Amino acid sequence: IPTIQISDFKIANSKNHVILLIPNMEATIELAPLFKKQVNIQKINVSSVDMDISELEQNNSSEKAPSKSPEAMKAQKTELSKLLWVEDVHVDKLSLRFKNGQAKESLIVNNFAIKNMANFNMQLEYLKNVFNVEGSFGTLTELLSNPEFLPIDLRIKQKSMNATLRGQIGQLSDMSKIRLDFDAKITKLSDLTPLLKVNLKNMNYDANLRFSAEGDLNKLTLKKFNLSFGQNTLNLTGTPILTNLSSKPELTMTLSTILESGTLNKKLGLNPFELTTSLKASKNEIKLDKLAYLAHKSDLSGTILINLIKAPIEIQANLNSTYLDLKDVLYREEIKQVSSLPAQDEKKKFIPQYKLPWDILSKFSLNGQIQIAKCPLSQSISDYATINMKPTLSQGVLTSPVQMRLLSGTVNSIVRLSQKEKSIQFKLEGKNLSLNKISPVNKELKDAKYYGLEYAGTIGTAYGWILAT
């Protein structure tokens, strides 16, 4: 049986940078088909392949090669498929270097094997994650003859993830016909932190993603889209539409989100809710329009715009609520009562200490406006507050002026959260307040209609003080 050996095969660019290097390749060829002007390759063995596609050069020439008609290209590929057949291919190791933004990254493929040009298996190493991939994609004859649809069947396994991709891809040259079903089960989200380059270390719960994709690179519709977390207690559904995938990809969809009661809502610190929004996303920004949030009796609507270009990420929000009670929104464990306070602090009001995600304050900046028509502040206050807030976040400091109409009067305040100091500071000034609406009413204040209030303090040391004039 004839054997062909190739050593030190190289392809370099104009700057003499090696793009492809194959130190050793061996091919076993059947002899009889050669007399019929056919090449049947029984097996190709490659010890290693080194590819550096980050150094590929774009052809900026204004002159374009004459294009062939689709019929001529198909006829040419069909003729080639009759002349060439490859049985088995085995590559011990393939190293692929590419650019991800400005950084260079590497993908390692170990033990890549194709049997009968239909079934294959390999091991991928990327960002310290190991994936075992196996499946089939049709024969070489089918590939070269450019069938209407090319069958795809992939199974991907990783330490915390099992995924399948099944369907068909047509017209491989331009991916003009795509029909794929994707299903992924992730047992522990936190294990994907290195792969996704997002801090998921505290997300020790499961996730499931499934959809059916139909279309092409100009418009790809993801039907039956469902993303769920925490044993299906958080579900995101909709019909995402991806456009311009080959140039400037964009995503549009009407997103529905439901958070049910379970361990996940406690970890997130949120009570169950329903949310719908019109979502539009691109490389530069994400826009949530026609947002409608409902948690028990509380509601929230408006628009959120997230600018992904700026560092840190910039968020602009304009939100309105007809009724908002933080007890509906935030999940809170029962606070244990403190039996006694230090003697020197007996006259100070005790304020329980809350654990807040301080680090998140440095991850983005914020400019917003929130208007609340009715907001209950306390069980002892029968009146609702009307609130107007304008929060801003910059360099780890969140500041918000707050204007309230309460107890027939007004309360103006400034709230300041500092990541560096890990504290919440308040300054409040109330005017013309009818404190007789507070229950139980102090005997001295029973007939008081107007009252002034000032408050200044810090939550972080767990103490504050209150001054009344």
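Predicted model: local features only at pLDDT ≥ 70, side-chain atom pairs only at ≥ 80, totals over all residues.
Me: How many helices and strands does the chain have?
Reply: The chain has five helices and 28 strands. Of its 469 residues, 34% are buried.

Me: Is Asp299 buried or exposed, and what is the nearest side chain of opposite charge?
Reply: To call a salt bridge, you look for a Lys or Arg side-chain nitrogen within 4 Å of a carboxyl oxygen. Asp299 is buried and has no salt bridge. The nearest side chain of opposite charge belongs to Lys374, 10 Å away.

Me: Which side chain does Asp299 join in a polar contact?
Reply: That's Thr322: the two side chains are joined by a polar contact of 2.4 Å. Thr322 is also one of the residues Asp299 touches once you skip those up to four places away in sequence; the others are Tyr293, Leu294, Asn320, Ser321, Tyr323 and Leu324.

Me: What does Tyr293 touch, leaving aside neighbours within four places in sequence?
Reply: Tyr293 is in contact with Asp299, plus Phe273, Glu274, Leu275, Ser298, Leu300 and Val329.

Me: Which residues touch the most other members of the largest nonpolar core?
Reply: The general idea first: nonpolar side chains tend to be buried together in soluble globular proteins. Here the largest nonpolar core has 86 residues, and Phe120, Phe229, Tyr293 and Ile304 touch the most other members.

Definitions and conventions:
Residues numbered from 1 in each chain as written. Heavy atoms only, no water. Buried < 20%, exposed > 50% of the residue type's maximum accessible area, 1.4 Å probe, protein only. Lys, Arg positive; Asp, Glu negative; His and termini not counted. Polar contact = N/O pair within 3.5 Å; in protein donor to acceptor, adjacent residues only side chain to side chain. Contact = heavy atoms within 4.5 Å. Core = buried A, V, L, I, M, F, W, Y, C linked by side-chain atoms within 4.5 Å. Helix = DSSP H or I, 4+ residues; strand = E, 2+ residues; numbered from the N terminus.
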